[in-house]
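Here is a brief report on selected features of two chains. Please keep the sequence and the model in view while reading.

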Amino acid sequence: MKAAQQFRPRLAERKLVGNVFYVLFFAAILIGVVGLLILLARILYEGLPSFGAALFFNYPSRHPEEAGLRAAIMGTIWLMGLTALFTVPVGIGAAIYLEEYAPRNRLTTFIEINISNLAGVPSIVYGLLGLALFVQWLALGRSVLAGALTMSLLILPIVILTSREAIKAVPLTYREAAYALGATQWQVIRGVVVPTAFPGVLTGVILGLSRAVGETAPVIAISALVYLRFVPGSPLDRFTVLPIQIFNWVARPQEEFRSLAAAGIIVLLIVLLSMNALAIYLRNRYQAKSIE
Amino acid sequence: MNDSFNGAYVLDARGVQVRYGSFLALKEVSLRVKRHKITALIGPSGCGKSTLLRCFNRMNDLIPSAVVEGDIYFNDQQINSSTIDPTEIRSRIGMVFQKPNPFPKSIRDNVAFGLKINGFTGRIDDAVEGSLRRAALWEEVKDRLDKSALELSGGQQQRLCIARALAVEPEVILMDEPASALDPIATLAIEELIREVVSDVTIIIVTHNMQQAARVSHETAFLMVDDNRSGYLVEHGETNRIFTDPKDERTEAYITGRFS
């Protein structure tokens with residue numbers, strides 16, 4: 001009976017402590033989810049009356065009933081397409097160099113640390129850099145090309161970091177198998193490493209692009225708050241994007257424009273959420289494959 | 001030139017030492033490998049048998065800190081030299097690994113990979129079928145060549161890896177505990193396969209399973225590890241002789257299970 005004297009199990013108390021923390025943590029997640037739900041409900045309530053075909057096909061106008069997002073939607077598509085064009089090869093190339101070729105020395109470590117730091121630089125800084133470098137120095141003007149190059153700089157650190165993680169996750173045994181068949185380093189990279197890492201790389205690219213779609217500050221620096229009644233026809237044309245058009249409408253005094261702004265936010269959220277969903281889908285398919 | 005080759009030996013290691021940084025992993029190994037025979041490398045954990053195996057196809061080149069000293073003759077060519085391209089050596093000396101490691105590609109593409117990277121000019125589909133037949137896998141996979149290799153069982157995956165190695169038509173295949181991750185039935189299938197393919201290729205197999213060495217190999221080399229954790233070769237000879245009449249008492253102690 002000696003053991004019983006030395007232990008005080010207090011089972012009920014221990015379980016109570018567990019339950020208290022369970023409730024606290026559940027409340028923590030509730031705050032986030034409820035906040036998001038209220039936001040969504042409010043935007044849907046305000047925006048749905050203005051959400052219709054006209055929103056997608058009309059140019060912006062002084063008359064709210066005629067105003068639409070056509071220029072902003074096409075501008076966003078242009079910006080996204082050009083940004084992807086620059087980011088994919090440069091981002092993947094940099095990731096491959098850092099993971100596969102770079103010697104392990106101080107310079108490499110320095111570069112790696114700075115890429116991580118760049119991912120945290122505020123986006124307005126990139127906007128001002130783009131304004132000085134692309135708009136003025138390279139004389140590209142306030143064009144969609146200058147905007148896309150700026151966005152590329154902004155999201156490259158994200159793409160490089162996620163691509164590196166994907167490349168790092170390729171098992172050593174795959175590389176060894178390829179080398180043991182007489183593959184050169186490039187054949188190992190091209191034939192085994194890149195195809196295996198590809199879904200992970202693609203996830204990073206999509207997440208980077210979805211960041212670019214939602215960014216406002218760099219575009220304000222590059223393109224200013226313009227009122228455009230045309231769609232870019234070439235990379236050197238002026239452009240506007242969804243967040244700017246939304247910002248423009250929010251700033252107007254009339255109630256009708258507020259509703260338009262909410263409708264614009266719905267469009268932006270649909271774009272962003274479907275891009276994130278695609279990224280999650282790709283990642284899950286990738287993980288399911290590598291577990292098999 | 002090398003006087004020992006009358007075609008009887010395919011590989012000849014002379015005074016091979018391996019260092020990882022300042023750590024001596026393998027010291028002074030001299031070993032001749034008979035052509036078209038199965039040579040087993042046995043010994044306790046950490047005795048350097050895998051390290052020795054990886055000297056023959058220059059896989060240690062992939063480890064930045066590894067330094068391999070000594071001469072290794074492949075036929076009459078000294079291959080342990082910075083002037084010899086390891087890529088070419090590896091297309092003539094293939095390797096099968098401990099854990100089955102097919103690429104996450106289709107069964108066909110797994111076998112075709114080595115053919116493509118080495119500039120094979122024949123009909124790829126024929127070569128894929130031939131290699132899969134030699135690896136005794138054709139009948140099981142012929143209807144699903146485009147399915148992922150990762151859907152195969154562990155034993156099938158390892159036979160696919162052997163088919164992949166055979167496709168490049170190597171003279172030697174190095175096997176690093178090829179059955180250690182498999183169940184007993186799949187293990188027997190691999191052993192049978194090894195005995196089949198040795199008519200065209202030389203096989204060096206690392207195994208920690210002495211019964212396996214006794215069952216499949218013609219020649220056995222026994223390695224030990226000293227107090228500094230460096231591996232060394234104790235004895236090498238015909239498998240029958242090593243297991244029935246070892247010359248060295250350490251070999252006898254090991255095969256009778258007095259230490260592991």
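A residue is buried if 20 or more other C-beta atoms lie within 10 Å of its own, exposed if 12 or fewer, and partly exposed in between, with C-beta atoms placed from the backbone. Helices (H or I, at least four residues) and strands (E, at least two) are DSSP runs, numbered from the N terminus.

By these cut-offs, helix 11 (residues 242-250) of chain A is mostly covered. Seven of its nine residues are buried. Among them are Leu242(A), Ile244(A) and Trp249(A).

This is a predicted model: local features need pLDDT of at least 70, side-chain atom pairs count only at pLDDT 80 or more, and totals for chains, interfaces and linings use all residues. Residues are numbered from 1 along each chain as its sequence is written, and chains are lettered from A and ligands numbered from 1 in the order in which they are written.

pLDDT is the predictor's confidence in each residue, from 0 to 100. Chain A averages 85, and 95% of its residues score at least 70.

| Element of chain A | Mean pLDDT |
|---|---|
| Helix 1 (residues 2-6), lowest | 68 |
| Helix 8 (residues 172-180), highest | 93 |

Where pLDDT is low, the predicted coordinates should not be read in detail.

Now chain B. Val197(B) lies in helix 7 (residues 184-197) of chain B. Why does Val197(B) count as partly exposed? Because Val197(B) has 18 C-beta neighbours inside 10 Å.
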